Amino acid sequence: MHELGIVFHMIDLLEEVGRENRLTSIERVTLRLGEVTGVVPHLLDDCWRWAADRTELLRGAELEVVDVPAVTVCNACGKTYATIEHGKVCPHCGSGDTELLQGLEIEVESVAGA
C-alpha cells in the first residue's frame, strides 16, 4: 500500500509549509491525483484520516482530491486522446509513437489554514 507513504510525504511537506507560513492549523488540502498513478482514492482517504489526525497541524483537516484524467499525445499526428480508453496506440493514426501528457500527477494544489 503506497498510499500511506504518499500521505507521510504529504504531511512532511505540509508541516514545512505550515512552519514557513506560521500556520497553527490546516483545515483543507487539495490534491491533484492523476488517473494512472495507481493510487486507490478510498485507501488514500483512509490513510489521510489516520495519519493527519495524529498531527497537531492537520488534525481534522479535509483532503479534497481533484481527479486528473490521463491524456496522451501522438508524436506522429499531433492529436491527443484519452489514455485509459485507447492505451499507447493512437486511435487517430495507429502510431505507437506516443507520450503521456498528464495523468501521473500527485501534487498538492492548495492549502487552507489558519
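## A pair of residues in a sheet

V73 stands opposite E99, a residue of strand 5. This position, like the rest of the report, comes from a predicted model. The pairing between strand 3, which covers residues 71-74, and strand 5 is antiparallel and runs over four bridges.

Strands of a sheet pair through backbone hydrogen bonds, in either a parallel or an antiparallel way.

## The loop residue N75

The loop between strand 3 and strand 4 contains N75. The relative accessible area of N75 is 37%. Buried or exposed, or something in between? N75 counts as partly exposed, because the buried class lies under 20% and the exposed class over 50%.

Which residues does N75 touch, leaving aside its neighbours within four places in sequence? N75 is in contact with D97, T98 and E99. E99 is also the residue that stands opposite V73. From N75 to G96 the separation is 21 residues in sequence, while their C-alpha atoms are 8.7 Å apart in space.

## Two helices that cross

Two packed helices are described by the angle between their axes and the distance between the axes. The axes of helix 1 and helix 2 come within 9 Å and cross at roughly 45°. Helix 1 is therefore oblique to helix 2. The crossing of helix 1 past helix 2 is right-handed.

Residues from both helices meet here. Helix 1 brings E3, L4, I6, V7, F8, M10, I11 and L14, and these meet L43, L44, C47, W48, W50, A51 and A52 of helix 2.

In soluble globular proteins, nonpolar side chains tend to be buried together. The largest nonpolar core in this model has 19 residues, and those touching the most other members are V7, M10, V29, L44, W48, L58 and L63. Helix 1 (3-20), strand 1 (26-34) and helix 2 (41-52) are the elements that give two or more residues to this core.

L63 is one of the residues named for touching the most other members. Leaving aside neighbours within four places in sequence, L63 is in contact with M10, V29, L31, L44, D45 and W48.

Notes: Residues are numbered from 1 along each chain as its sequence is written. This is a predicted model: local features need pLDDT of at least 70, side-chain atom pairs count only at pLDDT 80 or more; totals for chains, interfaces and linings use all residues. Side-chain values use heavy atoms; hydrogens and water are left out. Two strands pair if DSSP finds at least two bridges between them. A nonpolar core is a set of buried Ala, Val, Leu, Ile, Met, Phe, Trp, Tyr and Cys residues joined through side-chain atoms within 4.5 Å. Buried means under 20% relative accessible area, exposed over 50%, partly exposed in between (1.4 Å probe, protein chains only). Contact means heavy atoms within 4.5 Å. Axes are lines fitted to C-alpha atoms, for helices over the stretch in contact, and angles run from 0 to 180 degrees between N-to-C directions. Angles under 35 degrees count as roughly parallel, over 145 as roughly antiparallel, 65 to 115 as roughly perpendicular and the rest as oblique. A crossing is left-handed if the near helix is turned anticlockwise from the far one by less than a right angle, and right-handed if clockwise.
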